[in-house]
Amino acid sequence: MRRYFFSLILVTLLMALASFILLWTKPEFFIMVMPLLALYFGVVTGVQHFLVVKSLYKSPRTFVKTFMASTIGVLFIHLAILAIYLLTNPQNGKPFLWAFCIGYLVCLVFETTALVQLINSEKKKRNQN
């Protein structure tokens, strides 16, 4: 778990750095919430992973329920954040939408890869016993 959170912090910092690189290279596409989006995605992904991993050590039914519920809950939270920002700041809508989609994709790939690796290692442990 410690290794996962270290990797998540690294990915979050890289996303924030990418937003600052955009500020230095193409400032017309930069909006002030881009570094905060990296932090938002890092926190949401970390909480979701913690809940799913905690349920992994319980019954398979609990794991599936928790995984599906957390995925749907996170999607609704993302949708609410998108709607609120786009309704309150329509002038910055396009750059925000691009930054949000890229951040979502990066965290989705990161979380899926980490979860598949964890499940595979747990299967190996159970097969050895």
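Predicted model: local features only at pLDDT ≥ 70, side-chain atom pairs only at ≥ 80, totals over all residues.
**Entry 1: the elements**

I began with the overall layout, and I found four helices and zero strands in the protein chain, so that reading from the N terminus on gives the order α-α-α-α. I then looked up the extent of the chain, and along the principal axes its C-alpha atoms fill a box of roughly 60 × 25 × 15 Å.

**Entry 2: the second largest pocket**

When I sorted the lining of the second largest pocket by class, I had 13 nonpolar residues, two polar ones and no charged ones.

**Entry 3: the largest pocket**

I next turned to the largest pocket, for which I noted a volume of about 400 Å³. I found that its lining includes Met1, Arg3, Tyr4 and Ser7, as well as His49, Val53 and Tyr57, and also Phe110, Thr113, Ala114, Gln117 and Leu118. The elements that give two or more residues to this lining are H1, helix H2 (34-56) and H4, and the largest share, five residues, comes from H4. By class I recorded seven nonpolar residues, four polar and one charged in the lining of the largest pocket.

**Entry 4: how H1 and H4 pack**

How are H1 and H4 directed relative to each other, roughly parallel or roughly antiparallel? I looked up the packing of helix H1 (residues 2-25) with helix H4 (residues 93-128), and found an angle of about 165°, with the axes 11 Å apart. Angles over 145 degrees count as roughly antiparallel, and therefore H1 and H4 are roughly antiparallel to each other.

I then wrote out who makes the contact: H1 brings Tyr4, Ser7, Leu8, Val11 and Met15, while H4 brings Gly103, Val106, Cys107, Phe110, Glu111 and Ala114. Sorted by class, the residues of this contact of H1 with H4 are eight nonpolar, two polar and one charged.

Definitions and conventions. Residues numbered from 1 in each chain as written. Heavy atoms only, no water. Axes fitted to C-alpha atoms, helices over the stretch in contact; angles between N-to-C directions. Parallel < 35°, antiparallel > 145°, perpendicular 65-115°, else oblique. Contact = heavy atoms within 4.5 Å. Nonpolar A, V, L, I, M, F, W, Y, C, P; charged D, E, K, R; others polar. 1 Å grid on protein atoms, 1.4 Å probe; cavity = no way out; pocket = protein on both sides within 12 Å on 5 of 7 lines; lining within 4 Å. Points joined across faces, edges and corners; volume = space filled by probe spheres on them.
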